[in-house]
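Hi everyone, thanks for making time this morning. I'd like to walk you through one chain, starting with the whole and then moving to one part of it.

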Amino acid sequence: STRLHHCLPVAGQKHNCYCGPGVIAAITGVTTGEAARKLRMYTGKASIKGTTADEVLTVLGWCGFRQTGKESYYPHKKMTLRNWLRDHYDGRLALVSAMNHWWALADGYFCDTYNKLPTPVEKIHNPKSQVSHVWYLD
């Protein structure tokens, strides 16, 4: 089973609080600063304020995680985060994209840059968010 990590920025730092570095930190255990540094290395950007699936999945790959499956919903199928959790989530390590925000989920917990700590999925915020894609990781 996979345990999520916190995605708190390093004490005293106000940057690297975006959801791309946050979700990488939650899955891998690196700091949000280290996740942002890896994203900058890959993208060539001076700062990270938004990320694509390719960018996040590439950095997760560098950290030893691989994609084992993918589900796509938007725009052909309407799927809220609440309904996806109820009808599809099976506890595996998952990277969820919904409404231009990233969530990491594993073993009934989620972590993102709003909560910053692994939290039971029953307490997920924005349950009406439309899920666009889910990637399963190993």
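I'll begin with the overall picture and then turn to a strand and its neighbours.

One thing to keep in mind first: this is a predicted model.

So, what does the chain consist of? Its secondary structure comes to four helices and six strands. If you read from the N terminus, the order of elements is α-α-α-β-α-β-β-β-β-β. The radius of gyration is 14 Å, close to the 14 Å that the globule rule gives for 138 residues, so the chain is as compact as a globular protein of that length. If you want a box for it, the C-alpha atoms fill roughly 40 × 25 × 25 Å along the principal axes.

Of the 138 residues, 47% are buried. Take the contacts between residues at least 6 apart in sequence: 58% of them join residues at least 24 apart. The chain exposes about 7200 Å², and carbon and sulfur atoms supply 50% of that. As for charges, there are 17 positive and 10 negative ones, and their mean positions lie 7 Å apart.

By buried I mean under 20% relative accessible area.

Which strands does S3 pair with? One is S2, residues 94–98, which pairs with S3 in the antiparallel sense over five bridges. Within that pairing, leucine 95 has alanine 104 of S3 as its bridge partner. S2 and S3 form a hairpin with two residues between them, and methionine 99 in the turn has a positive phi of about 55 degrees.

Another is S4, residues 109–111, which runs antiparallel to S3 and is joined to it by three bridges. There, leucine 105 has phenylalanine 110 of S4 as its bridge partner. S3 and S4 also form a hairpin with two residues between them, and in this turn aspartate 107 has a positive phi of about 50 degrees.

Notes: Residues numbered from 1 in each chain as written. Predicted model: local features only at pLDDT ≥ 70, side-chain atom pairs only at ≥ 80, totals over all residues. Heavy atoms only, no water. Pairing = 2+ DSSP bridges. Rg over C-alpha atoms; globule rule 2.2 N^0.38 Å. Buried < 20%, exposed > 50% of the residue type's maximum accessible area, 1.4 Å probe, protein only. Contact = heavy atoms within 4.5 Å. Areas by Shrake-Rupley, 256 points an atom, 1.4 Å probe, with all protein chains shown as cover. Lys, Arg positive; Asp, Glu negative; His and termini not counted. Charge placed at Lys NZ, Arg CZ, Asp CG, Glu CD.
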